[in-house]
Amino acid sequence: MSQTLDAAAVRSWCSLALEALGREREEIDAINVYPVADGDTGTNLYLTLESAVHAVEALFAGPGAGASPPAADAVRAMAHGALIGARGNSGTILAQLLRGMAEVLADEAAGDGHRLARALRRAAELAHEAVARPVEGTILSVAAAAADAAAAVHGPADPVSVTNATEKANAPRAGADDAATARAAYTGARAALAATTGQLAVLGRAGVVDAGGRGLLTVLGALVRSLTGEAPPTSPVAVPPAPPLRDEEPAAAGPVPAGEGGPAFEVTYLLETDDSAVARLRERLDGLGESLVVVGGDGLWHVHVHVHDAGAAVEAGVEAGRPHRIRITHFGASEEPREQVQRAVVAVVPGEGLAGLCAEAGATTVLARPGEPPASGELVEAIRRAHAREVVLLPNDAALRHIAAAAAEQARAEGVRVALIPTRAAVQGIAALAVHQPDRRFDEDVVAMTSAAGATRYAELAVAERQSWTMAGICQAGDVLGLIDGDVAVIGADLTATAEAVLSRMLAAGGELVTLVLGEDVPDSLADRLELYVREGHLAVDTVVYRGGRQSVPLLVGVE
């Protein structure tokens, strides 16, 4: 077991942290009373770490797979993955903590524990700066205590390495490796977590520790285990008695539920903008709401805020740059418990248009934006949201097969009967959904949906980004590629002509129904031309056209 935080240790840290948060997610959710009692801190931290894990695993599976990548690349991938997938208040702060660590770990050579102590200090500083109105007794306090303990574990300060009294007080000392530093950080964080109950009145009244801090302790525990091979103490954190209320502090029955007496919406989005625009954005959003956290840098930022006017929060992002992956959650949206239904369908869709179509057909949808495939945690959340005893899962993308299988397995462990139909394209999912009948036996329904999906050939038209060898020959950047069942079959210069060639090949083997899904910028005239092409050459074949919205390719084609 490595005592140094190298690339392999970073990979291990990620997977161990995700595994631990998976075990403790419900426990952390249950103690979530600040800043709003919406019971999702554990889930948000899990989803944030899951995105980090995917980024690190993608690095290890990339060019040169088999050889360990540089440690600097591994920590940057972990931090970037967390930034992209950050969820909720605590998840967003965790992403900034990892970014702070990456700044130091990526720039300094592995060695004696100095860099890990400095990394934890930088992490605490960046996270504190990212929160518009920092509060003691939160994940920020736990992060600061971890940094303090990591610095204190070393010997006398090296006077050559510091320039003033403040730096001298905070500088790591000589004499401990990464493993010892991580142990010290965990111990300091554990003590700080226990103290949060007395620092925040809402925690004291509820008799709990801070949920975000509890999640950070779990992540630090995974760091210790990745470096030592041994799990740190996991006994319950001792919660001290709540301090007596001051005369001026009104008593309260407990935490205020989400959406009552505070902002109605949580708004999050990724924002591409110049770093110089962020200060103005912070000022604008701080005036709109609370729980504001803006993290990131180098042109990509993650914004989180609680507001009454969700539209204004998004507009502020539009004024600052290009927001995407916009997520708006109404805090009161799930107040009324729903009766569990017998069966539901969960489908991954590549665009907003198909999301609306599938939702109208009764499916619960998960949006897969271009270049941003959903994580297994998002699929599990969608299965939970469907609130059914039986669920048919349609991944609609060959690349999502393993992610969907992991989500199905987790849902089964929670008592849901899940059937995974390995649909490889959205048009196969549409075909499966068209024959779905929730009133027949589950097995019969799954067989019928699987048969309909399997009988649907699929194609897509894409634009080549660079010169490349394909099954149909050499393509040049800008060429239109017609892919049938996943392989390049046609190379053309024009979208319409290439689409006609693809349809000709697909219909040569027969067919009864052609499905066309148009991308956001594709004109209706293309659909009109292709409908005419089908009608003129295949009188018995019908054509249906859907608008897919913003999707990764301009045209999807299905032939049943």
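In the predicted model, the side chains of Asp148 and Arg121 meet in a salt bridge, with 2.7 Å from N to O; a salt bridge is defined as a side-chain nitrogen of Lys or Arg within 4 Å of a carboxyl oxygen of Asp or Glu. This pair links distant parts of the chain, since Asp148 belongs to helix α6 (residues 139–152) and Arg121 to helix α5 (residues 114–130), 27 residues apart. Helices (H or I, at least four residues) and strands (E, at least two) are DSSP runs, numbered from the N terminus. Asp148 counts as partly exposed, at 41% relative accessibility, whereas Arg121 is buried, with a relative accessible area of 15%. Here, buried means under 20% relative accessible area, exposed means over 50%, and partly exposed lies in between (1.4 Å probe, protein chains only).

The model is predicted, so that local features need pLDDT of at least 70 and side-chain atom pairs count only at pLDDT 80 or more, while totals for chains, interfaces and linings use all residues. Residues are numbered from 1 along each chain as its sequence is written, and side-chain values use heavy atoms, with hydrogens and water left out.

Side chains of opposite charge can pair when their charged atoms come close. A search of the whole structure finds 31 salt bridges.

Arg343 counts as buried at 11% relative accessibility, and Glu390 counts as buried at 9%. Both residues belong to a network of salt bridges that also includes Arg417, Arg440, Arg441, Asp443, Glu444 and Asp445.

The whole structure contains 0 aromatic pairs, where rings of Phe, Tyr and Trp (its six-membered ring) pair if their centres lie within 6.5 Å, planes under 30 degrees apart counting as stacked, over 60 as edge-to-face and the rest as tilted. Arg11, however, lies over the face of Phe60, at 4.3 Å from the ring centre. A charge sits over a ring if NZ of Lys or CZ of Arg is within 6 Å of the ring centre and within 35 degrees of the ring normal.

The largest nonpolar core holds 80 residues, of which Trp13, Leu49, Met78 and Leu97 touch the most other members. Helix α1 (residues 7–30) supplies the largest share of this core, 10 residues. A nonpolar core is a set of buried Ala, Val, Leu, Ile, Met, Phe, Trp, Tyr and Cys residues joined through side-chain atoms within 4.5 Å. Leu97 touches Ala123, Ala124, Ala127, Ile139, Ala143 and Leu216, not counting residues up to four places away in sequence; contact means heavy atoms within 4.5 Å. Apart from this core lies another, of 31 residues, among them Ala425, Ala426, Leu433 and Ala462.

Strand β16 (residues 555–559) is mostly covered, with 5 of its 5 residues buried. Leu555, Val557 and Val559 point one way from the strand, and Leu556 and Gly558 point the other way. Strand β9 (residues 457–463) runs antiparallel to β16 and is joined to it by 5 bridges, two strands being paired if DSSP finds at least two bridges between them. Within this pairing, Leu461 has Leu555 as its bridge partner. Strand β14 (residues 513–519) also pairs with β16 in the antiparallel sense, over 5 bridges, and Thr515 stands opposite Gly558.

Several backbone features lie in loops. A cis peptide bond, with omega about 5°, joins Tyr34 and Pro35, and Pro35 is located in the loop between α1 and α2 (41–61). Asn396, a residue other than glycine, has a positive phi near 60°. Asn396 lies in the loop between β7 and α15 (401–413) and is buried, with a relative accessible area of 9%. Asp485 likewise has a positive phi, of about 50°, although it is not a glycine. Asp485 is found in the loop between β12 (480–484) and β13 (487–492) and is partly exposed, at 31% relative accessible area.
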